[in-house]
Amino acid sequence: MLAIRLINLIESKAERLSEGLLLRLESAPQCQELLRRVPREEVKRRTFEIYRNVTDWLLTKTEAEIEERYIGLGVRRAHQGVPFSAFLWAVNATKEQLWEFLEEEGMLEKPFELFGELGLAHALAKFFDHVLYSASIGYESVRHDEAVTQRNKHAVAS
């Protein structure tokens, strides 16, 4: 089963993947604001957690657990003042880092195992899409709360 070997490879190389992603983020103009507002170690810890626990994220975590984690992250990043576009770019870079790593390792070349790869690709895409959707809910809740607070302040001042 290629998909199992891919997952094991990802998890065993989580440190390398996280470091590579940090280098990618640090060189990307789209992420400068994120890196100014979020400590490097926090970014590394979050990405390491995704790569190191990919089995859990894809196979054992429920949608509700993913939502809880990433709505919370969306709220946190919004409170940190990270533009959503920078967050979005970073999540996409996390996914790209993973696929480029698998290509470098020669794990995506065997045509007879394509179906296993497609299943993994679909599961990963679904996970990252769910991450982005959930985080956007967190961002929106912060913006909504800020708008309500602003209206209340304005009403009191009137």
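Student: Which residues in α6 does α4 meet?

Tutor: The model is a predicted one. Contact here means heavy atoms within 4.5 Å. On the α4 side, the residues involved are Glu-42, Arg-46, Glu-49 and Ile-50. Their partners in α6 are Arg-69, Tyr-70, Leu-73, Arg-76 and Arg-77.

Student: How many residues of each class are in the contact of α4 with α6?

Tutor: Glu-42, Arg-46 and Glu-49 of α4 take part, as do Arg-69, Arg-76 and Arg-77 of α6. Asp, Glu, Lys and Arg count as charged. By class, the contact of α4 with α6 has three nonpolar, no polar and six charged residues.

Student: Are α4 and α6 roughly parallel or roughly antiparallel to each other?

Tutor: The axes of α4 and α6 lie 14 Å apart, and the packing angle is about 165°. Angles over 145 degrees count as roughly antiparallel. The crossing of α4 past α6 is left-handed. The two helices α4 and α6 are therefore roughly antiparallel.

Student: How is α2 oriented to α4?

Tutor: The axes of α2 and α4 come within 9 Å and cross at roughly 135°. That angle makes the pair oblique.

Student: Which residues of α4 make the contact with α2, and is the crossing left-handed or right-handed?

Tutor: The α2 side of the contact includes Leu-17, Leu-21 and Leu-25. From α4 come Arg-40, Val-43, Lys-44, Thr-47, Phe-48, Tyr-51 and Arg-52. The residues of this contact of α2 with α4 divide into eight nonpolar, two polar and six charged. The crossing of α2 and α4 is right-handed.

Student: What is the relation of α2 to α7?

Tutor: The axes of α2 and α7 come within 10 Å and cross at roughly 125°. The crossing of α2 and α7 is right-handed. By the angle, α2 and α7 are therefore oblique.

Student: Which residues in α2 meet α7, and how do the residues of the contact divide by class?

Tutor: From α2 the contact takes Arg-16, Leu-17, Gly-20, Leu-21, Arg-24 and Leu-25. Their partners in α7 include Trp-89, Ala-93, Leu-98 and Phe-101. The contact of α2 with α7 divides into eight nonpolar, three polar and five charged residues.

Student: How many cavities of 30 Å³ or more does the structure hold, and what is the volume of the largest cavity?

Tutor: The structure holds one cavity of 30 Å³ or more. The largest cavity has a volume of about 230 Å³.

Student: Which residues are the closest to the centre of the largest cavity?

Tutor: The lining of the largest cavity has 17 residues. By class these are twelve nonpolar, two polar and three charged. The closest to the centre are Arg-46, Thr-47, Leu-73, Phe-87 and Val-91.

Student: Which helix gives the most to the lining of the largest cavity?

Tutor: At least two lining residues come from each of α2, α4, α6, α7 and α8. The most, five residues, come from α4.

Student: What is the volume of the largest pocket, and which element gives the largest share of its lining?

Tutor: The volume of the largest pocket is about 150 Å³. Its lining consists of Trp-57, Leu-58, Lys-61, Glu-63, Ile-66, Ala-123, Lys-126, Phe-127 and His-130. The elements that give two or more of these residues are α5, α6 and α8. The largest share, four residues, comes from α8.

Student: How do the residues of the lining of the largest pocket divide by class?

Tutor: The lining includes Lys-61, Glu-63 and Lys-126. Glu and Lys count as charged. The lining of the largest pocket divides into five nonpolar, one polar and three charged residues.

Definitions and conventions
Residues are numbered from 1 along each chain as its sequence is written. This is a predicted model: local features need pLDDT of at least 70, side-chain atom pairs count only at pLDDT 80 or more; totals for chains, interfaces and linings use all residues. Side-chain values use heavy atoms; hydrogens and water are left out. On a 1 Å grid over the protein atoms alone, a cavity is a set of points where a 1.4 Å probe fits but cannot get out, and a pocket is an open set with protein on both sides within 12 Å along at least five of seven lines; lining residues have an atom within 4 Å of a point. Grid points are joined across faces, edges and corners, and a volume is the space filled by probe spheres set on the points. Axes are lines fitted to C-alpha atoms, for helices over the stretch in contact, and angles run from 0 to 180 degrees between N-to-C directions. Angles under 35 degrees count as roughly parallel, over 145 as roughly antiparallel, 65 to 115 as roughly perpendicular and the rest as oblique. A crossing is left-handed if the near helix is turned anticlockwise from the far one by less than a right angle, and right-handed if clockwise.
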